[in-house]
Amino acid sequence: MARIPMIAGNWKMNRTVGEAASLVKELLPRIQGVGGVEVVVCPPATALHVVQGALGGSDVALGAQDMFWADWGAFTGLLGPPMLLDVGCRYVIIGHSERRGRFGKPDESLKPEAARVFGDTDASVNLKVKAALRHGLVPIMCVGEMLPEREDGRTDEVVSGQIRAGLADVSPEAVAGIVLAYEPVWAIGTGMACDTLEANRVTAVIRKTVRDTFGADAAEGVRIQYGGSVTDQNAHDLISQPEIDGALVGGASLDACRFAQIIQVASVIAKNTRKS
Ligand code: PEP
């Protein structure tokens, strides 16, 4: 079975409720009739409900940017899986580097102690992934190395370790249905996308780790996106790589025109090549 590429937009902490609804209204007509690619938008939590309404009967799916692993309880400020399902989410980003405290472009205004302010670890990522799967949400689990790790030649070891730890105790059948995102931390929000051949190589390392840990069916089924300064300019080169099944897009997903162009590029590639 060919893997269907996925383009997901991570809006991060951007857009009011009204602006979020407008962004969807600008996006939908631009991607009408575009096939062969799955599209997901991940607005901030305050806008999930309204964006779900604005998506209406379109094929664009709704995703959240994070969640807690408990269903309900005394967890001030957090959202659990039933709440995400309640507003219509199908996907949830888990383990984004900004939640793990692995920043690509350190914000000078952040004190050192703030660097781990959200505190996600491989262990908490694993709890979140398993909770999402228990509730029928599809995790988009992010992995990626920081610049010093790359410079030390540790990229493959870092991403493989994140995959094994983040997916510990998940069944091979479930792994086949999730989405992974290779996001080199130094490429996120910096305008410095990873070299396309290198992005493909690391994605192959991730797929091999999945194969070695969960078997061939999981490795052939799991979709692995690339994320890190994807734009309408570099999307074709990145998404056309044989191992890469789409993109997780931050900044460029806030512009309906540019995001639509990335989706169109992915659609053309999907029609011309069959990845499986
Ligand atoms: C992201 O948020 O996952 C991301 C890749 O951001 P950007 O596209 O802005 O680098």
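# Exercises on a ligand site and its strands

At a relative accessibility of 17%, Ser229 counts as buried; here buried stands for under 20% relative accessible area, exposed for over 50% and partly exposed for the range in between, with a 1.4 Å probe and protein chains only. The model is predicted, with local features needing pLDDT of at least 70 and side-chain atom pairs counting only at pLDDT 80 or more, while totals for chains, interfaces and linings use all residues. Residues are numbered from 1 along each chain as its sequence is written, and side-chain values use heavy atoms, leaving out hydrogens and water.

## Exercise 1: Ser229

Step 1. Locate the residue. Helices (H or I, at least four residues) and strands (E, at least two) are DSSP runs, numbered from the N terminus.

Step 2. Read the backbone angle. Most residues other than glycine have a negative phi.

Step 3. Ala193 is 36 residues away from Ser229 along the chain, and the two C-alpha atoms are separated by 5.0 Å.

## Exercise 2: the ligand shell

Step 1. Collect the shell. The ligand is surrounded by 14 residues, a residue being near if one of its heavy atoms lies within 4 Å. The closest are Lys12, Glu183, Gly189, Ser229 and Gly250.

Step 2. Sort by class. The shell holds 4 nonpolar, 8 polar and 2 charged residues. Ala, Val, Leu, Ile, Met, Phe, Trp, Tyr, Cys and Pro count as nonpolar, Asp, Glu, Lys and Arg as charged, and the others, Gly among them, as polar.

Step 3. Glu183 places a polar side-chain atom 2.7 Å from a ligand oxygen atom. For Gly250, a backbone N or O atom lies 2.8 Å from an oxygen atom of the ligand.

Step 4. Compute the cover. The ligand taken alone exposes 290 Å², and the protein buries 95% of that; the areas come from the Shrake-Rupley method with a 1.4 Å probe, and for residues only the protein chains shown count as cover.

Step 5. Inspect Lys12. Lys12 is in the loop between strand 1 (6-10) and helix 1 (17-30), and its phi, near 55°, is positive in a residue other than glycine.

## Exercise 3: strand 3 and its neighbours

Find the partners of strand 3 and the handedness of its crossovers.

Step 1. Assign the faces. In strand 3 (residues 61-64), Ala61 and Gly63 point one way, Leu62 and Ala64 point the other way, and all are buried.

Step 2. Pair with strand 2. Strand 2 (residues 38-42) and strand 3 run parallel over 2 bridges; a pair requires at least two DSSP bridges. Val40 has Ala61 as its bridge partner in strand 3.

Step 3. Pair with strand 4. Strand 4 (residues 91-94) also pairs with strand 3 in the parallel sense, over 2 bridges. Opposite Ala64 stands Val92 in strand 4.

Step 4. Follow the connections. Strand 2, helix 2 (residues 48-55) and strand 3 form a right-handed β-α-β unit; right-handed is the case where, with the strands pointing away from the viewer, the path from the first strand over the helix to the second runs clockwise. From strand 3 the chain crosses through helix 3 (residues 81-86) to strand 4, and this β-α-β crossover is right-handed.

Step 5. Val50 lies in helix 2 and is partly exposed at a relative accessible area of 33%.

## Exercise 4: strand 6

Determine the pairing of strand 6 on both sides of Leu180.

Step 1. Assign the faces. From strand 6 (residues 179-182), Val179 and Ala181 point one way and Leu180 and Tyr182 the other, and all are buried.

Step 2. Take strand 5 (residues 138-143), which pairs with strand 6 in the parallel sense over 4 bridges. Leu180 is the bridge partner of Met141.

Step 3. Take strand 7, which pairs with strand 6 in the parallel sense over 4 bridges. Here Leu180 stands opposite Ile224.

Note on methods. A polar contact is a pair of N or O atoms within 3.5 Å; within protein, one must be able to donate a hydrogen and the other to accept it, and residues adjacent in sequence count only if both atoms are side-chain atoms.
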